[in-house]
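Open the model in your viewer and keep the selection tool at hand. This tour goes stop by stop: select, look, move on.

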Amino acid sequence: MIEGRRAPSSGGRWGPSVREAFEDEYGREIRFRPYEPSDRDALVGMYESFDPAQRAQGIPPVRTDGIESWLDSVLDGPSVLAWHGDRVVGHVVFVPDGDGGHELAIFVHQAHQEAGIGSRLLDAGLDHAREQGVANVWLLVTWGNTRARGLYEKSGFTVDDPTGSDLRMSKRL
C-alpha cells in the first residue's frame, strides 16, 4: 500500500517523501528515510554487492576500504536511503562543493532497478535536501546514459554545459 501521498515539490510527480513507503513495480514495499550513522553497515553492504558494470565515473569504489573512505567524503551533506525490508537498495546523496552548491549522486542496486525506485528516491532526496537548506544541485552524467539523463530531465534538471564526455546538469530547489 502506498502511504501519505502528497503533492510533489521537486519533480512535478506525485510521490512519497522521506519516511513514507510505496510499492514498486514488482510489488515490493520500499521505504525512504534520511541516512543515520547507524545505517552505515547496511549502506556499505549495498555498495559491496553493487555490480561493477553499474558504476559510473569510478564510483562507488569496488573494495570495502574504498567504499568506507568514499562514504567518509560524501556523507557530509543530506543523504536519503531506500530500504526493502532490512536492506538498503538505493542511496541519493548531496555533497557540498564548497561553492554553495551540492553535487548529486544516486545509486539503485541492480536487483531493484527498472522498478520505479530511482525516480521516487530522487524526488524524496530533493525534498529532503531542500528541507536541509540546499538551494543549488548539480550533477555529471555521461552522454550515453540516456536512462539517467531522462530521469534528471523529468525532475527538472537542465543541461549547463554540453561539452566534454560528461554533461553537467543543474537545478535550483
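Is Phe-107 buried or exposed? Select Phe-107 and look. Its relative accessible area is 6%. The cut-off for buried is under 20%, so Phe-107 counts as buried. Keep in mind throughout that this is a predicted model.

**Stop 1: the whole chain**

Zoom out and colour by secondary structure. The chain holds 4 helices and 8 strands. Read from the N terminus, the order is β-β-α-α-β-β-β-α-β-α-β-β. Of the 173 residues, 49% are buried. Residues 24 or more positions apart make up 56% of them.

**Stop 2**

A pair of aromatic rings is described by the distance of the centres and the angle of the planes.

Start with Phe-50 and Phe-107. Their rings sit edge-to-face, 5.9 Å centre to centre, with 85 degrees between the planes. Phe-50 is in the loop between helix H1 (40-48) and helix H2 (64-74), while Phe-107 is in strand E5, so this pair ties together parts that are 57 residues apart in sequence. Both Phe-50 and Phe-107 are buried.

Next, take Trp-70 and Phe-107. This pair is edge-to-face too, at 5.8 Å centre to centre and 85 degrees between the planes. Trp-70 belongs to helix H2 and Phe-107 to strand E5, so the pair links distant parts of the chain, 37 residues apart. Trp-70 has a relative accessible area of 10%, so Trp-70 is buried.

**Stop 3: helices H1 and H2**

Select H1 and H2 together. How do their axes cross? They come within 10 Å and cross at roughly 125 degrees. The two helices are therefore oblique to each other. Their crossing is right-handed. Show side chains at the contact. H1 brings Arg-40, Leu-43, Val-44, Tyr-47 and Glu-48. H2 brings Thr-64, Ile-67, Glu-68, Trp-70, Leu-71 and Asp-72.

**Stop 4: two backbone details**

Stay in the loop between H1 and H2, where Pro-60 has its place. A cis peptide bond joins Ile-59 and Pro-60, with omega at about -5 degrees.

Then move to the loop between E5 and H3 and pick Glu-114. Glu-114 is not a glycine, yet its phi is positive, about 60 degrees. Its relative accessibility is 54%, so Glu-114 counts as exposed.

**Stop 5: the nonpolar cores**

In soluble globular proteins, nonpolar side chains tend to be buried together. Which members of the largest nonpolar core touch the most other members? Select Phe-32, Leu-104, Leu-121, Tyr-152 and Phe-157: they do, in a core of 28 residues. Elements that each supply at least two residues of this core include strand E2 (29-34), strand E5 (102-108), helix H3 (117-131) and helix H4 (146-154). H3 gives the largest share, 6 residues.

Centre the view on Tyr-152. Leaving aside neighbours within four places in sequence, Tyr-152 is in contact with Leu-104, Ile-106, Leu-122, Leu-139, Val-141, Phe-157 and Met-169. Another core lies apart from the largest one. This other core has 18 residues, among them Leu-71, Val-74, Val-93 and Val-95. Select those four to end the tour.

Conventions. Residues are numbered from 1 along each chain as its sequence is written. This is a predicted model: local features need pLDDT of at least 70, side-chain atom pairs count only at pLDDT 80 or more; totals for chains, interfaces and linings use all residues. Side-chain values use heavy atoms; hydrogens and water are left out. A nonpolar core is a set of buried Ala, Val, Leu, Ile, Met, Phe, Trp, Tyr and Cys residues joined through side-chain atoms within 4.5 Å. Buried means under 20% relative accessible area, exposed over 50%, partly exposed in between (1.4 Å probe, protein chains only). Contact means heavy atoms within 4.5 Å. Rings of Phe, Tyr and Trp (its six-membered ring) pair if their centres lie within 6.5 Å; planes under 30 degrees apart count as stacked, over 60 as edge-to-face and the rest as tilted. Axes are lines fitted to C-alpha atoms, for helices over the stretch in contact, and angles run from 0 to 180 degrees between N-to-C directions. Angles under 35 degrees count as roughly parallel, over 145 as roughly antiparallel, 65 to 115 as roughly perpendicular and the rest as oblique. A crossing is left-handed if the near helix is turned anticlockwise from the far one by less than a right angle, and right-handed if clockwise.
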